[in-house]
Amino acid sequence: MLTTTTRRLAFLALVPAALFGVLMLASPASAALTSTQTLEQQVVGYTNYQRKAAGCGTPLRVDARLVRAARGHSAHMARTARFSHTGLNGSTFGARAKYHGYAAPLSENIAWGQPTAAKAIHAWLASPGHRRNLLNCNAKAVGVGVVYNARGQAYYTQVFGWR
């Protein structure tokens, strides 16, 4: 049972936020979400692990330009609730990568609703086309973008590059 002092302090803490319209209550589901940066790093790590197991010699390096392209596409999908390789204004993964300054895009994987990076990788490995992209030893660079929609569902984009 809360003491009178504890209740007053809790009330006083809420008053300024409520007055300025910034009161945000986290649901239990959103409080448990993994940071997008952590998920992105895990996707890269799991990808390189799978590629090594498949015989690819050199791990993929993370390219900031591909990361920007991937995050932008994930944000577009999360905002519009559209799960598609086609992006804003009909853009392709290649056009998005080039827009961000990466001249040699190779392929793209997308996933939606996977609660962990490991489950996103598993889903890609279970799909022949996505598996081919992930295990293509000709790829040299990768960018991963993960964005949550308003309901706490993750949208993943993984963009591969030749250089």
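Start by selecting T47, which sits in helix α3, the stretch covering residues 36-53. One thing to keep in mind as you click around: this is a predicted model.

Is T47 buried or exposed? Its relative accessible area is 1%, so T47 is buried. To see what surrounds T47, leave out residues up to four places away in sequence and show its contacts: L60, I121, L134, Q158 and F160.

**Next stop: the sulfur link**

Now pick C56 and C137. These two form a disulfide, with 2.0 Å between their sulfur atoms. The count of disulfides here comes to 1. If the term is new to you, a disulfide is a covalent bond between the sulfur atoms of two cysteines.

Look along the S-S bond of C56 and C137: the angle about it is -85 degrees, and the link is left-handed. Which parts of the chain does it tie together? C56 is in the loop between α3 and β1 (61-62), while C137 is in the loop between α7 (128-134) and β3 (141-148), so the link joins parts that are 81 residues apart in sequence.

C56 counts as buried, at 4% relative accessibility. C137 has a relative accessible area of 35%, so C137 is partly exposed.

**Then the rings**

There are 2 aromatic pairs to visit.

With the surface still on, check how open each ring residue is. W112 has 40% relative accessibility and is partly exposed. Y155, at a relative accessible area of 3%, is buried.

Move on to W124 and Y156. How do their rings meet? The centres are 6.5 Å apart and the planes are at 85 degrees, so this pair is edge-to-face. W124 is in helix α6 (residues 117-125) and Y156 is in strand β4, so the pair ties together parts that are 32 residues apart in sequence.

Are W124 and Y156 buried or exposed? W124 is buried, at 2% relative accessibility. Y156 is buried too, with a relative accessible area of 0%.

**Before you close the viewer**

How values were computed
Residues numbered from 1 in each chain as written. Predicted model: local features only at pLDDT ≥ 70, side-chain atom pairs only at ≥ 80, totals over all residues. Heavy atoms only, no water. Phe/Tyr/Trp six-rings, centres within 6.5 Å; stacked < 30°, edge-to-face > 60°. Buried < 20%, exposed > 50% of the residue type's maximum accessible area, 1.4 Å probe, protein only. Helix = DSSP H or I, 4+ residues; strand = E, 2+ residues; numbered from the N terminus. Contact = heavy atoms within 4.5 Å. Disulfide = S-S within 2.5 Å.
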